[in-house]
Amino acid sequence: MGLFSPGFMGRRREPVPGLPPGQHLVTDFPVLSIGPTPRVTPEEWRFSITSESGLMTTWTWDEFQALPQEDVTVDIHCVTSWSKFGTGWRGVSLDTLLDGVDTQAGFAMARSYGGYTTNVPLDELRGGKAWVAHQFDGSPLAPEHGGPARLLVPALYFWKSAKWLRSIELSTRNDPGFWEQNGYHMHGDPWREERYW
Amino acid sequence: MTDLPASAARSTWNASDWHEALVVEAYAETPTARTIRMRLPEAAALPALVAGQHIDVRLTAPDGYTAVRSYSLASAATGGILEITVEELTDGEVSPYLVRGLDVGDRLEIRGPIGGWFVWLDEEPAPVQLIAGGSGVVPLMAMIRAHEAGTNPSPFRLLYSVRSPEMAYYRAELEELARVSPRFDLDWVYTRRAPSGWPHAPGRLDLTRLAASVQPLGSTALTYVCGATPFVEFVADALVRSGRDPARIRTERYGGAEGG
Ligand SMILES: Cc1cc2nc3c(=O)[nH]c(=O)nc-3n(C[C@H](O)[C@H](O)[C@H](O)COP(=O)(O)OP(=O)(O)OC[C@H]3O[C@@H](n4cnc5c(N)ncnc54)[C@H](O)[C@@H]3O)c2cc1C
């Protein structure tokens, strides 16, 4: 515990279960992006996974929609210190998408329309922990929140949940993505406050 | 810490750790915003700042409850002093305290500096277009100040959207710079009330005003847009739709977006 701020009472008195250290709850949905919001129509949209041997699997929008869909309700945590509880998403589990992919890789690089990248350990994408989401609260995902589709990895800070997802490349190396090259953590676990390096 | 060589001291600074800062100066920037200057006891160890970076500020209540928010640095020059300007959101948790509660002599905890993307480096060769809404001018001011302090010849142009004349941050400094500096141009947009005799009726920044107030299309300008999320969304989108290269536009969104 550091020093006190004389006269500061704060809004919340009780510790909130489920809230990682240093986070506060919001009810709206803040937007953080590095540049203009890319506009990608479902017709133009393609999503691919490439294994470390270079084998690529690609889905069109219709093919992606035809995969088994899951509805999940998760808490999300942004490194800029807001958290939002109980967000509802619909999308395809990474377990489904990785099902036919033969890989020994330990790491994944998510790449977005617009050029954004972020690295995620493959472990964090498997076992029912990650989705490619295309609906938020029952509606198509808005462009500023990453539509047509974004990665959803709620166990990590939200910059790992790449918006406007275009591809995932598997690798045996853990290369840094965009924010990871710009001062942010390689892993990003909110419960361990892995914010900056 | 002072008896350590600077390089050794510097290596002990960690952007993830909290550091105590003493508030040495605080003054009203506008009727709703306040500039706060603070001194770091460990100033010698602070890594070099880059214009556009922000810090996190942590407040602690008597019962140990803490609240953290991000604030851009208004200047990349330190001399051991960090400067921020905070806009009060009336229903906010942290900003009303920083604007009206905090006193000179109080201490804050800070973390950072953070950010390696929404920054301007002195070696940047391109002309620069800055576009700010309200408090979004803060990191752009750090860029303007760094540019004026150095010798980089590229032109800077700031388009600053404010509700009314008295809501503008750093007005005197900006207007003086626009008068004397051959490398800096300034354009205002007033959304609610304009100064008397102003050639444009007050109103939100629209496509025509935007096009008339930024570096011309086809210029290699690097554009920085900062402010509340809806403002940044509108401006960045309009620039892209008018044919500008998205890769040359950098944004920082302060918040205030509603819904999914
Ligand atoms: C990288 C970064 C840099 C920032 N730099 C600055 C800065 O230099 N100066 C500054 O004043 N602020 C800055 N902000 C915003 C700041 O971090 C806080 O969000 C702001 O001060 C509100 O905090 P609060 O606790 O008073 O309000 P909260 O209690 O967090 O929120 C109160 C209400 O205001 C809404 N809200 C939050 N932010 C905004 C906004 N920007 N505009 C409109 N409504 C909003 C919330 O959605 C909520 O409904 C920055 C934010 C980021 C992410």
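In the predicted model, P148(A) sits in the loop of chain A that runs between β9 (139–140) and β10 (150–152). The peptide bond joining G147(A) to this proline is cis. Its omega angle is about 10 degrees. Chain B also has a cis peptide bond, from G112(B) to P113(B). Omega there is near 0 degrees. P113(B) is placed in a strand, β6 of chain B, which covers residues 107–114.

A further backbone feature occurs at S81(A). This residue is not a glycine, yet its phi is positive, at about 95 degrees. S81(A) belongs to the loop of chain A between β4 (70–77) and β5 (82–93).

Chain A and chain B were then examined as a pair. Chain A brings 39 residues to the contact, and chain B brings 44 residues. The two chains bury about 3500 Å² between them. Carbon and sulfur atoms give 52% of that area. On the chain A side, the residues that lose the most area to chain B are L3(A), F8(A) and Y196(A). Together they account for 22% of what that side buries.

Chain B itself is divided into two parts. Domain 1 spans residues 19–114, and domain 2 spans residues 128–259. The C-alpha centres of these domains of chain B are 24 Å apart. Their contact takes 18 residues from domain 1 of chain B and 15 residues from domain 2 of chain B. About 1200 Å² is buried between domain 1 and domain 2 of chain B. Of this area, 58% is on carbon and sulfur atoms.

The ligand site draws on both levels of this organization. Residues of chain A and of chain B surround the ligand, so the chains share the site. Within chain B, domain 1 (19–114) and domain 2 (128–259) both give residues to the shell, and the ligand therefore lies between them.

There are 25 residues around the ligand. D28(A), S70(B), Y71(B), V94(B) and S95(B) come nearest. By class, the shell holds 8 nonpolar, 9 polar and 8 charged residues. Several elements of chain B each supply at least two residues of the shell. They are the strands β4 (66–72), β5 (81–87) and β11 (249–253), together with helix α2 (95–101). The most is given by β4(B), with 4 residues.

From chain A, a polar side-chain atom of R11(A) is 2.9 Å from a ligand oxygen. From chain B, the backbone of E93(B) places a polar atom 2.9 Å from an oxygen atom of the ligand. The side chain of S95(B) has an N or O atom 2.6 Å from a ligand oxygen. On its own, the ligand has 920 Å² of accessible area, and the protein covers 82% of it.

Technical notes. Residues numbered from 1 in each chain as written. Chains lettered and ligands numbered in written order. Predicted model: local features only at pLDDT ≥ 70, side-chain atom pairs only at ≥ 80, totals over all residues. Heavy atoms only, no water. Near = heavy atom within 4 Å. Polar contact = N/O pair within 3.5 Å; in protein donor to acceptor, adjacent residues only side chain to side chain. Areas by Shrake-Rupley, 256 points an atom, 1.4 Å probe, with all protein chains shown as cover. Nonpolar A, V, L, I, M, F, W, Y, C, P; charged D, E, K, R; others polar. Domains from an automatic or database assignment. Contact = heavy atoms within 4.5 Å. Buried area = accessible area lost by both parts, 1.4 Å probe.
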